[in-house]
Amino acid sequence: MKIEHLPKSCIMVVTTTTHKQEGKRSMPIIRQDNLFDMHELFEMEPTHRFNAIFSTLELGPLLHIFDKKTHRGAPRELNYGAMIYSLIARVVERIPTIKLLVKRLKQDPFFRFDCGFLLSDDVPSEASYSRMIAAISETDALSKVQDVLVALAIQEGFITEESLAIDATHFEARDKPAVSEKKEKPAPKKRGRKPKDEQAEWQAAQEKQEAEKTLYEKEIVHQLDASTEALVNEMPIAPKWGIKKNSEGKN
């Protein structure tokens, strides 16, 4: 089977067979099937799979970034609207990288049309996607799109006061552990039972030290009867480092 080069609006299938007869040269027989209109072929598969998602997004702030400053000159070579839709479809289709997204757009015409690319549009390269993402990240256009989407979700009743939470907690983070002061080695403890006067003094010091501990420094059993207000007020916000070991004792 051989596929001839044809315009993008149609597909022609040309089958070539060879008919042999005794004492005669081989003679090709060409059978040409009917031409399929691209729209008819497109209707053979489910289309507009992402319409429910794309219809809720207002891409005006994003597309405004790539507007031409003047109407003169050559038109834009890239379909930025379709590129943005393809990035959203990439998340829905669980395509991990831009490289695989470009490969899917080249190999799957139905996916390409669902994203909004026209027949005359070339599939953008990875570099084109990188430049577009970099240009968007330098503006607050995504925040505007998100604000419109959240307002629409609240208006439609998908987000209510019970399910809405705003995290505004500020804390100082660091990528390296703070340098701790060198502690002096404690004096070696005396062996044996303490005298009664030293025992009472040691017991009082232990009780005082336990009383000065915060709620989260004490054992968990002390937190069970604490009120929610006390737990929130004494919650530590300073980041700390911790190490967890596996069954083999390795960090």
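**Entry 1: L101.** I began with L101 and looked up its contacts (heavy atoms within 4.5 Å). Leaving aside residues up to four places away in sequence, L101 touches S86, L87, R90, I95, F111 and Y129.

**Entry 2: The model.** I noted that this is a predicted model, in which local features need pLDDT of at least 70 and side-chain atom pairs count only at pLDDT 80 or more, while totals for chains, interfaces and linings use all residues. Residues are numbered from 1 along each chain as its sequence is written, and side-chain values use heavy atoms, with hydrogens and water left out.

Entry 3: Buried means under 20% relative accessible area, exposed over 50%, and partly exposed in between (1.4 Å probe, protein chains only). This core has 25 residues, and L101 is among those with the most contacts inside it, as are L62, L105, F111, F117, Y129 and M132. I found that α4 (80-92), α5 (98-107), α7 (126-137) and α8 (141-156) each supply at least two of its residues. The largest share, six residues, comes from α4. Helices here are DSSP runs (H or I, at least four residues), numbered from the N terminus.

**Entry 4: Salt bridges.** I then searched for salt bridges (a side-chain nitrogen of Lys or Arg within 4 Å of a carboxyl oxygen of Asp or Glu). The whole structure holds four. One of them joins the side chains of E93 and R104, at 3.5 Å from N to O. E93 lies in the loop between α4 and α5, and R104 in helix α5, 11 residues apart. E93 is partly exposed because its relative accessible area is 31%; R104, at 23%, is also partly exposed. R104 meets D108 as well, at 3.2 Å from N to O. D108 has a relative accessible area of 19% and therefore counts as buried. Shared partners join E93, R104 and D108 into one network. I also recorded a salt bridge between E248 and K250, with the closest N and O atoms 3.9 Å apart; both residues are exposed.

**Entry 5: A surface patch.** Which residues form a nonpolar patch on the surface? I found I220, V221 and L224, with about 330 Å² of accessible area together. For such a patch, nonpolar side chains (Val, Leu, Ile, Met, Phe, Trp, Tyr) of residues with over 30% relative accessible area and no salt bridge are joined within 5 Å. L224 is found in the loop between α9 (196-211) and α10 (228-233), and its relative accessibility of 63% is why L224 counts as exposed.

Note on methods. Core = buried A, V, L, I, M, F, W, Y, C linked by side-chain atoms within 4.5 Å. Patch = residues over 30% accessible without salt bridge, like charges linked within 9 Å, V, L, I, M, F, W, Y side chains within 5 Å. Areas by Shrake-Rupley, 256 points an atom, 1.4 Å probe, with all protein chains shown as cover.
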